[in-house]
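User: I want to know what stands behind the labels in this model. Please set each value against its cut-off.

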Amino acid sequence: MSILISNQQNPTWWQNAVGYQIYPKSFFDSNHDGIGDIQGIISKMPYIKSLGVNFVWLSPFFASPNIDNGYDVSDYQAIDPQYGTLDDIFEMIDQFHQNNIRVVFDLVINHTSDQHHWFKEAKKSVDNPYHDFYIWRKPVNGSVPNNWVSLFGGSAWEYNPATKDYYYHLFAKQQPDLNWENPKVHQAVAKIIDWWAERGVDGFRLDAISHLKKDQRFKDVTNQEDAMNNVSGIDQLLANLSTDFKRNHLMTVGEAGGVPVEQAKRWVDSKKGYFDMIFQFDHVSFWEKFTVGKVDVAKLRVALTRWQNGLDNNGWNALFLENHDLPRAVSYFGNDQKFRSQSATALAMMYFLMKGTPFIYQGQELGMTNVDFNDINQFRDLDSQRFYREELAKGASPEETLVKLRAKSRDNARTPMQWNDQPNGGFSDHQPWISSNPNARYINVANEVEQTDSVLNFYRQLIHLRLKDPILLNGQYQLIETHDHQSFVYQREENHVGYLVITNLSDQPATVTISDRYQNLQLVLTNTTEKQQSSTMALKPWAAYLYKYERN
Ligand code: GLC
Ligand code: CA
């Protein structure tokens with residue numbers, strides 16, 4: 001009998017909570033095959049508990065041919081044997097619950113694997129009952145139905161000789177999109193949601209959910225987003241889908257890139273919304289795919305503040321800097337060489353204390369960095385491989401292409417978790433499926449537990465603070481405009497008491513002047529030993545200060 005945590009009695013438990021994302025393949029290998037697994041996660045329960053987080057979100061571990069590392073599911077009610085068994089999953093859910101940590105799974109329902117039995121049936125004949133589970137169009141002039149392209153490159157259409165028509169795939173051709181115009185698709189997915197809810201799952205992260213609706217005119221488009229992202233009519237689909245989560249008292253966070261904040265209010269409205277939270281990507285959208293370059297702090301302030309203000313009193317933000325698709329924050333936003341620890345902690349304080357639910361991606365709490373790969377054969381991500389092939393075909397050199405991959409490849413986030421200074425960072429005693437970062441010698445859990453001023457211990461303090469003081473839960477966010485390209489300063493305030501977050505997000509010293517309306521400033525947390533004596537603060541590179549204040 002599994003241990004259930006009552007989500008019904010506490011329907012907004014996820015608001016005063018911190019989430020931790022686990023990428024199972026790279027977390028911990030318990031059976032010496034170089035692949036992280038469920039028993040590996042269970043064995044690291046004390047570590048996860050020690051962080052003080054309230055829930056975990058696990059990237060997919062379901063049965064899958066792993067074309068896209070599990071984001072191509074062939075059976076939603078079975079476990080990929082490389083990760084373990086269903087019993088391992090049930091044991092893991094129990095263990096998390098015993099430790100008062102809720103469990104969120106990743107639900108990939110924009111598409112399935114082409115090895116899912118629905119698709120295997122669907123492609124047999126147009127009369128097959130599953131044919132209409134997917135999106136099919138007849139050839140036009142002997143070729144693809146329209147100019148829609150896949151996010152992983154090339155046409156979004158793949159020909160199926162048996163039915164003489166094309167199926168649509170937004171991602172890889174082994175990831176055919178489900179046809180959400182067909183009510184039977186919803187019914188089938190609803191059963192899967194119920195099934196996991198009965199087994200104790202507390203919520204879902206909804207993969208690629210802003211892509212569910214496709215423009216049913218299937219016309220050529222000039223802007224590819226018009227074909228498949230946040231297409232008009234999606235609201236009705238999501239409202240229907242949300243009934244399955246609500247019925248089961250499940251927490252939901254939708255991956256919803258490209259949904260503007262004005263519309264997002266509908267998505268996460270506390271009464272009529274489709275999801276509890278969404279991941280928006282505005283603060284990372286000025287990352288052109290595979291380009292090299294640093295973030296403009298002024299743009300970062302604008303992007304994050306737009307969402308803070310936009311969802312204030314009308315929804316709830318999911319706060320994050322990293323996930324399994326993005327480069328490491330310390331390498332992209334920060335400086336992973338000269339200021340690794342300072343920039344990792346300044347970035348942490350900047351995003352963590354905004355209004356919303358903070359998410360930490362495994363290894364972010366250590367200040368793990370991007371890969372140092374110098375050979376395309378070290379990369380594993382299909383999209384990175386694809387990019388490399390295409391660039392070289394266009395005449396680019398391997399060297400310049402590798403520079404771009406080291407900056408933006410999704411593999412940056414997927415190298416093994418760094419536990420100690422043993423080979424492979426203590427992740428496995430077998431050659432891992434993807435090489436471990438050599439800096440695991442000194443960036444690792446064992447080291448950082450010991451060092452009081454480590455990134456890890458800074459995160460632990462942030463987590464503790466965030467969960468302890470209701471001002472950091474409810475307090476109103478307000479940006480303090482600094483008109484520069486270096487600092488990010490804001491306050492969180494409730495009833496004239498508040499917190500002032502002051503960060504210098506640059507490699508240069510910065511100056512910030514604190515208004516005298518802040519009284520009784522008390523230093524709560526900082527990542528530097530530098531004391532501040534006056535209201536004109538001289539901030540060292542990547543300095544971060546958290547003050548509590550009163551206001552008359
Ligand atoms: C989401 C996932 C990503 C995956 C894609 C297709 O963006 O985060 O890893 O490749 O959806 O499922
Ligand atoms: Ca293993």
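User: Why is N16 called partly exposed?

Analyst: The relative accessible area of N16 is 31%. Buried means under 20%, exposed over 50%, and partly exposed in between, with a 1.4 Å probe and protein chains only. N16 is therefore partly exposed. A caution: this is a predicted model, where local features need pLDDT of at least 70, side-chain atom pairs count only at pLDDT 80 or more, and totals for chains, interfaces and linings use all residues. Side-chain values use heavy atoms, without hydrogens and water, residues are numbered from 1 along each chain as its sequence is written, and chains are lettered from A and ligands numbered from 1 in the order written.

User: Where does N16 lie, and what is N16 in contact with beyond its neighbours within four places in sequence?

Analyst: N16 lies in the segment before β1 (19–22). Strands are DSSP runs of E, at least two residues; helices are runs of H or I, at least four; both are numbered from the N terminus. Leaving those neighbours aside, N16 is in contact (heavy atoms within 4.5 Å) with N54, R466, L467 and L473.

User: What makes the pair N16 and R466 a polar contact?

Analyst: Their side chains are joined at 2.8 Å. A polar contact is a pair of N or O atoms within 3.5 Å; within protein, one must be able to donate a hydrogen and the other to accept it, and residues adjacent in sequence count only if both atoms are side-chain atoms. The value of 2.8 Å falls within the cut-off, so the label holds.

User: Which side chains have polar atoms by an oxygen atom of ligand 1, and at what distances?

Analyst: Among them are D68 at 2.5 Å, H324 at 2.8 Å and D325 at 2.5 Å. The protein covers 95% of the 310 Å² of accessible area that ligand 1 has on its own. Those areas come from the Shrake-Rupley method with a 1.4 Å probe; for residues, only the protein chains shown count as cover.

User: How do you know that β7 and β8 pair?

Analyst: Two strands pair if DSSP finds at least two bridges between them. Here 4 bridges join β7 to β8 (residues 165–168), so the two strands pair. They run antiparallel.

User: What makes β6 and β7 edge strands?

Analyst: The open sheet has 3 strands in the order β6-β8-β7. β6 (136–137) and β7 (157–160) each pair on one side only.
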